[in-house]
Amino acid sequence: MIDITSRVASIVAASGVREGMVNVAGKGSTLGVTTIEYEPGAVSDLRRALEQIAPANDDYAHNAHWGDHNGFAHLRSALMGTTQTYPVRGASLYLGTWQQIILCDFDDRPRDREVTVTVFGE
Amino acid sequence: MIDITSRVASIVAASGVREGMVNVAGKGSTLGVTTIEYEPGAVSDLRRALEQIAPANDDYAHNAHWGDHNGFAHLRSALMGTTQTYPVRGASLYLGTWQQIILCDFDDRPRDREVTVTVFGE
Amino acid sequence: MIDITSRVASIVAASGVREGMVNVAGKGSTLGVTTIEYEPGAVSDLRRALEQIAPANDDYAHNAHWGDHNGFAHLRSALMGTTQTYPVRGASLYLGTWQQIILCDFDDRPRDREVTVTVFGE
């Protein structure tokens with residue numbers, strides 16, 4: 001789970017949009033995008049909750065059908081969602097002080113990830 | 001849970017938008033929209049997870065108040081969300097290869113469903 | 001959990017947009033935005049489900065690190081999401097009859113909340 005807030009904010013700033021919104025979309029079916037207070041405690045609480053909702057070592061039909069081991073990752077992605085849209089105000093990404101955008105890579109091996117950021121407005 | 005990716009992609013293609021985003025919104029409070037790798041295993045894993053989070057046969061206050069039997073469906077809809085927004089790039093819906101948009105009808109009886117697709121961009 | 005549908009609908013009506021979409025974004029990391037049939041039963045079912053997913057009195061690393069008591073609120077916010085985007089059709093917010101937009105304040109004390117509404121379209 002990595003904090004991508006500053007990268008999204010840079011794209012918003014470079015876009016010249018003052019009032020509008022920004023869509024942040026992860027590409028793939030084993031990742032998620034959401035916001036959290038990005039500090040080790042809250043991030044660890046989120047990891048633990050996801051492990052309870054979709055345990056890594058449970059029996060998954062996806063794994064049984066395909067010989068994969070990432071059924072839990074598909075499940076977490078479908079439940080969290082891969083895309084979120086935030087406001088742009090005063091030419092800036094408009095979030096709370098303790099609210100950061102995170103990219104969650106749920107897969108069972110390290111992967112390069114692509115996040116598409118689209119800014120709209122005037 | 002049905003795969004609506006090709007229908008959304010067709011609307012994007014017909015819109016003439018090359019760079020932008022597309023909003024996919026289910027109408028109602030007993031359905032959900034998300035993405036998943038649309039193969040029987042992952043879909044079955046998602047059904048099972050939702051049955052654990054909001055069991056069909058649990059006691060729901062919604063059912064007790066209204067004589068309904070779809071309290072679980074309202075709960076699943078509120079937790080998953082009914083709307084998602086995806087990028088459009090190169091005049092196409094921009095998703096991962098194994099990432100499909102699904103409409104989840106959670107209700108306790110067959111229903112016709114309406115999904116509103118809105119394409120934005122240039 | 002309060003119903004903010006009529007406030008969002010008023011902003012849509014005042015915007016002059018006839019066809020498009022509206023983004024509804026809560027500011028902060030201890031709140032959520034979603035839709036539900038806004039009646040006491042379904043709302044109570046949602047509260048109970050969130051209490052099972054992220055119990056208020058569980059042990060949270062966030063609380064242990066910071067002396068806070070709202071680790072559950074951060075978790076609920078990250079899992080539900082703080083922002084949703086709905087269609088605008090015929091100059092109106094386009095939702096189901098029994099589908100209301102709710103702002104969920106998960107924090108452990110009363111707070112003033114800010115929701116940013118952005119309308120797009122023609």
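Modeller: Start with residue classes: Ala, Val, Leu, Ile, Met, Phe, Trp, Tyr, Cys and Pro count as nonpolar, Asp, Glu, Lys and Arg as charged, and the others, Gly among them, as polar. This is a predicted model, where local features need pLDDT of at least 70, side-chain atom pairs count only at pLDDT 80 or more, and totals for chains, interfaces and linings use all residues. Residues are numbered from 1 along each chain as its sequence is written, chains are lettered from A and ligands numbered from 1 in the order written, and side-chain values use heavy atoms, without hydrogens and water.

Biologist: What is the mean pLDDT of chain A?

Modeller: pLDDT is the predictor's confidence in each residue, from 0 to 100. Chain A averages 97. The model scores ipTM 0.97 and pTM 0.98.

Biologist: How many cavities of 30 Å³ or more are there?

Modeller: A cavity is a set of points on a 1 Å grid over the protein atoms alone where a 1.4 Å probe fits but cannot get out; lining residues have an atom within 4 Å of a point. Here the count is seven.

Biologist: Which residues lie nearest the centre of the largest cavity?

Modeller: Ile53(A), Leu79(A), Ile53(B), Leu79(B) and Leu79(C), out of 14 lining residues. By class, that lining has twelve nonpolar, no polar and two charged residues.

Biologist: What is the volume of the second largest cavity?

Modeller: About 180 Å³. Its lining has 19 residues, and those closest to its centre are Thr83(A), Gln84(A), Gln84(B), Thr83(C) and Gln84(C). By class, the lining of the second largest cavity holds six nonpolar, 13 polar and no charged residues.

Methods:
On a 1 Å grid over the protein atoms alone, a cavity is a set of points where a 1.4 Å probe fits but cannot get out, and a pocket is an open set with protein on both sides within 12 Å along at least five of seven lines; lining residues have an atom within 4 Å of a point. Grid points are joined across faces, edges and corners, and a volume is the space filled by probe spheres set on the points.
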